[in-house]
Amino acid sequence: MSVVQHLINGELVSKGGRTAEVFNPSIGQSTRKVELASRATIQDAIDSAKAAFPAWRNTPPAKRAQVMFRFKQLLEQNEARIAQLISEEHGKTLEDAAGELKRGIENVEFACAAPELLKGEYSRNVGPNIDAWSDFQPLGVVAGITPFNFPAMVPLWMYPLAIVCGNAFILKPSERDPSSTLYIAQLLHEAGLPKGILNVVHGDKEAVDALIEAPEVKALSFVGSTPIAEYIYAEGTKRGKRVQALGGAKNHAVLMPDAELDNAVSALMGAAYGSCGERCMAISVAVCVGDQVADALIAKLEPQIKALKIGAGTSCGLDMGPLVTAAARDKVVGYIDDGLAAGAQLVVDGRGLRVSGNEDGYFVGGTLFDRVTPDMRIYKEEIFGPVLCVVRVKSLEEAMQLINDHEYGNGTCIFTRDGEAARLFCDEIEVGMVGVNVPLPVPVSYHSFGGWKRSLFGDLHAYGPDGVRFYTRRKAITQRWPQRKSHEASQFAFPSL
Ligand code: NAD
């Protein structure tokens with residue numbers, strides 16, 4: 001069985017020690033092993049990054065951007081191979097895997113604008129013969145810790161921008177589906193990245209703690225579940241690091257009585273069941289304003305959910321693959337049991353799904369609950385599976401109160417034809433990313449991505465303009481050159497015009 005290695009100082013390396021199994025969730029079998037880094041391995045990666053940083057920070061931004069141009073081309077040329085690797089270990093369909101890669105490539109395209117993004121600000125004559133400018137300088141060695149659900153896209157939110165800003169990066173991807181992440185990092189080296197500027201170390205808590213504790217690591221970007229996000233934010237900031245930690249979600253879609261229902265249903269099907277619900281922007285709650293909307297929605301959703309094409313992610317033309325692990329499947333089934341016991345009405349039950357030819361895969365079918373109430377666990381907690389909960393309310397105000405009271409605030413959307421309602425929703429909703437008749441409002445790469453409340457710990461969102469700020473330090477320089485014919489007298493009062 002092959003072992004997924006670390007990529008340190010531009011070389012694939014095996015360090016021995018602990019390993020974890022990597023599964024193909026469509027067949028329910030372990031297919032690879034992955035090395036789990038010890039503290040010593042993390043230190044090797046840090047040493048390599050530290051040594052490579054000075055030359056890279058002094059490489060002109062336009063040269064750094066050229067590496068990203070070549071990287072983008074290599075990613076496009078290798079799309080099929082990357083999608084296959086993602087699907088084999090994550091379980092999502094090939095089309096979905098290619099989609100996440102495309103959204104990742106957008107971030108590489110944004111990074112290609114480094115010379116423009118880093119050019120700073122200049123003011124001439126801020127005082128007599130004095131000019132001032134501000135500069136954006138790299139932090140040094142920075143690290144990223146990423147989740148299983150987007151093994152290509154989420155790392156690409158981080159390191160292309162960090163690296164093009166002049167930093168050296170250490171990536172600790174999810175140990176559940178590490179192969180596509182590693183392969184993509186190899187492509188960046190093929191594109192001409194100097195050794196040591198991107199190191200990939202696989203691992204678990206031991207590796208993450210070593211990154212948090214290392215004084216050489218100046219900033220941490222994290223994407224994953226809320227308890228770990230909160231832990232990394234607390235431990236990282238305690239040590240004076242800059243931290244952005246993106247956490248979990250419970251995303252509501254509000255359906256107004258005037259919504260164009262057929263379009264809303266199509267949008268909800270993809271947003272709730274695409275990638276088996278394993279997206280931080282997945283819609284997991286449909287809030288229907290009025291019983292009429294709820295009844296009509298359920299009547300349209302039920303047959304479509306029952307008709308979902310589910311199978312091995314690597315087969316073509318499917319809507320949904322399996323969940324990522326047996327534990328993830330059991331957790332989702334546990335939530336469905338819990339919802340039933342709490343009194344929610346199970347309209348479509350995805351438990352016990354058998355996929356012919358893939359009987360051991362970790363499948364759960366599309367599931368729909370009606371009459372879910374805010375006190376139920378299936379409403380309060382992130383299920384991260386193909387389960388949609390319908391909550392019935394009487395007004396837009398009640399729907400908004402429900403969303404604003406929820407602990408998470410990642411994404412939300414409203415389906416309506418009423419501009420006034422949509423505008424109120426956009427203004428008053430306590431959520432970081434909002435869609436109007438758009439179910440998955442994931443910002444494009446030149447805006448930034450981030451939730452509110454317990455979906456993000458830190459001040460700056462991921463990628464885009466916030467990403468540039470996160471991976472750089474501002475330096476303000478004020479400069480005067482001596483004038484040949486004038487003598488500057490001492491000035492004891494605080495300098496002012
Ligand atoms: P996770 O929190 O289990 O793991 C994320 C990363 O943290 C992995 O690299 C993992 O190895 C590491 N980790 C796990 N346990 C740790 C511990 N005790 N100490 C230190 N590090 C630890 O998340 P996951 O299951 O891989 O991903 C799914 C979660 O990620 C969901 O909650 C989802 O909402 C969230 N997510 C959020 C966003 C966002 O942008 N807000 C995007 C994608 C996923």
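**Reading a helix, a domain contact and its salt bridges**

Colleague: What covers the buried residues of helix α11?

Modeller: The elements that cover the buried residues of α11 include β13 (251-255), α10 (261-273), β14 (283-289), β15 (345-348), β16 (367-370) and β17 (387-393). This is a predicted model, in which local features need pLDDT of at least 70 and side-chain atom pairs count only at pLDDT 80 or more, while totals for chains, interfaces and linings use all residues. Residues are numbered from 1 along each chain as its sequence is written, and side-chain values use heavy atoms, with hydrogens and water left out. Helices (H or I, at least four residues) and strands (E, at least two) are DSSP runs numbered from the N terminus, and contact means heavy atoms within 4.5 Å.

Colleague: Which residues of α11 are buried?

Modeller: In general, an α-helix has 3.6 residues a turn, so residues three or four places apart point the same way. In α11 the buried residues are V293, A294, L297, I298, L301 and I305, where buried means under 20% relative accessible area, exposed means over 50%, and partly exposed lies in between (1.4 Å probe, protein chains only).

Colleague: How many Å should α11 span, and how far apart are its end C-alpha atoms?

Modeller: The expected span of a helix is 1.5 Å times one less than its number of residues. For the 16 residues of α11 (residues 291-306) this gives 22 Å, and the end C-alpha atoms are 22 Å apart, which agrees.

Colleague: How is the chain divided into domains, and how much area do domain 1 and domain 2 bury between them?

Modeller: The bounds come from an automatic or database domain assignment, which gives domain 1 (3-247 + 455-477) and domain 2 (251-436). Their centres, taken over C-alpha atoms, are separated by 31 Å. To the contact, domain 1 gives 23 residues and domain 2 gives 26 residues. The size of an interface is often given as the accessible area lost when the parts come together; here that loss (1.4 Å probe, summed over both parts) is about 2,000 Å², 55% of it on carbon and sulfur atoms.

Colleague: Which polar links are counted between domain 1 and domain 2?

Modeller: A salt bridge is a side-chain nitrogen of Lys or Arg within 4 Å of a carboxyl oxygen of Asp or Glu, and one is counted between the two domains. On the side of domain 1 that touches domain 2, α3 (79-90) and α4 (94-111) each supply at least two residues. The largest share of that side, five residues, comes from α3.

Colleague: How many salt bridges does the whole structure hold, and which parts does the R279 and D96 pair tie together?

Modeller: The whole structure holds 31 salt bridges. Because R279 lies in the loop between α10 and β14 and D96 in helix α4, the pair ties together parts 183 residues apart in sequence. The closest N and O atoms of R279 and D96 are 2.9 Å apart, and both residues are buried.

Colleague: Are D295 and R392 buried or partly exposed?

Modeller: D295, with a relative accessible area of 43%, is partly exposed, whereas R392, at 17%, counts as buried. Salt bridges that share partners join D291, D295, D370 and R392 into one network. The side chains of D295 and R392 themselves meet in a salt bridge at 2.8 Å, N to O. This pair links distant parts of the chain, with D295 in helix α11 and R392 in strand β17, 97 residues apart.

Technical notes: Buried area is the accessible area (1.4 Å probe) that two parts lose on being put together, summed over both.
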